[in-house]
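Here are my notes on the model you sent. They go point by point, with cut-offs given where a term first comes up.

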Amino acid sequence: MREPVRPTRQWYLVLGFATALLVLVGPFDAAADTSQAWHMGQHVVLLTVAAPLLALGVTDRGNSRRPFVTWQRRFLRRPLVRRASRSATAVVAAAIVVQSAALAVWHLPEPYQAAVRNPLVHGLEHAVFLGTAVLFWWTLLHTSRARLGAGVFALFVAALPGTALGVLMTFAHSNWYPVYGGGSAGLADQQMAGVVMWAVGSTAYMIAAVIVFAAWLSSLEQATPARPTGTGAVEP
């Protein structure tokens with residue numbers, strides 16, 4: 001009898017796409033057009049909520065018949081990818097570099113303001129953020145259970161660029177993005193956006209690190225053989 005396919009992974013995908021749509025269309029997106037803090041909220045949700053959900057949805061090892069899983073395994077078997085994946089640390093590090101570079105480039109004044117002015121550039125910005133974040137979370141999820149401890153450190157490193165950028169925005173004395181307005185109101189909006197980036201974003205990465213750390217401890221406990229316990233005393 002054929003076993004039913006568990007819908008867990010499909011739900012991850014549905015939740016991931018629903019979360020992305022929630023912040024990219026409708027009232028949330030309308031608020032982001034006039035508020036830098038709301039715009040930064042979009043970035044945080046895409047990087048730390050939608051991306052890991054989508055990565056979980058495409059990391060399904062339970063059903064090898066699925067087209068995406070078949071493609072995924074073929075991709076991982078390619079000689080170049082197989083050689084690179086022998087060092088899980090290098091793969092995760094590369095994903096962190098790519099994600100951090102995207103974050104840095106798109107938060108430069110010119111690209112950031114171009115995204116605010118042009119809907120197509122704005123869409124490209126969000127696609128890059130979501131794509132690089134999914135890549136990072138996907139490489140993290142492909143780490144073996146024995147290396148989950150390194151995954152905690154990877155999450156800490158991945159959170160640093162956003163945290164640093166958010167702190168700089170919060171304590172800046174000048175308005176980096178005049179497209180959102182000038183004067184004290186524009187600066188206050190920028191400072192609030194910085195708080196959203198480093199406070200909310202860092203908290204999300206911290207929660208993920210706690211989950212990964214708990215999974216690592218669980219894997220260590222399962223790998224450690226149980227010690228026999230004596231229940232009776234030896235009679236003379």
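1. Of the 236 residues in the protein, 39% are buried. Buried means under 20% relative accessible area, exposed means over 50%, and partly exposed is in between (1.4 Å probe, protein chains only). This is a predicted model: local features need pLDDT of at least 70, side-chain atom pairs count only at pLDDT 80 or more, and totals for chains, interfaces and linings use all residues. Residues are numbered from 1 along each chain as its sequence is written, and side-chain values use heavy atoms, with hydrogens and water left out.

2. The protein has 10 helices and 0 strands. From the N terminus on, the order of elements reads α-α-α-α-α-α-α-α-α-α. Helices (H or I, at least four residues) and strands (E, at least two) are DSSP runs, numbered from the N terminus.

3. Look at α2 against α3. Their axes come within 6 Å and cross at roughly 130 degrees. That makes α2 oblique to α3. Axes are lines fitted to C-alpha atoms, for helices over the stretch in contact, and angles run from 0 to 180 degrees between N-to-C directions. Angles under 35 degrees count as roughly parallel, over 145 as roughly antiparallel, 65 to 115 as roughly perpendicular, and the rest as oblique. The crossing of α2 past α3 is left-handed. Left-handed means that the near helix is turned anticlockwise from the far one by less than a right angle; right-handed means clockwise.

4. Helix α3 (residues 36-58) packs with helix α8 (residues 119-141) at an angle of about 45 degrees, and their axes are 8 Å apart. That makes α3 oblique to α8. Here α3 passes α8 in a right-handed crossing.

5. D33 deserves a look. It sits in helix α2 (residues 27-34). D33 counts as partly exposed because its relative accessibility is 44%. D33 and R117 are 84 residues apart in sequence, yet 8.8 Å apart in space, C-alpha to C-alpha.

6. A115 lies in helix α7 (residues 109-117). Is A115 buried or exposed? A115 is buried, because its relative accessible area is 0%.

7. L22 is found in helix α1 (residues 8-24). At 58% relative accessibility, L22 counts as exposed. L22 and A50 are 28 residues apart in sequence and 9.9 Å apart in space, C-alpha to C-alpha.

8. L141 is placed in helix α8. L141 has 30% relative accessibility, so it counts as partly exposed. L141 and V92 are 49 residues apart in sequence and 9.9 Å apart in space, C-alpha to C-alpha.

9. Which residues form a nonpolar patch on the surface? They are F153, F156 and L160, with about 340 Å² of accessible area together. Patches are made of residues with over 30% relative accessible area and no salt bridge; like charges are joined within 9 Å, nonpolar side chains (Val, Leu, Ile, Met, Phe, Trp, Tyr) within 5 Å. A salt bridge is a side-chain nitrogen of Lys or Arg within 4 Å of a carboxyl oxygen of Asp or Glu. Accessible areas come from the Shrake-Rupley method with a 1.4 Å probe; for residues, only the protein chains shown count as cover.

10. F156 is exposed, because its relative accessible area is 51%.
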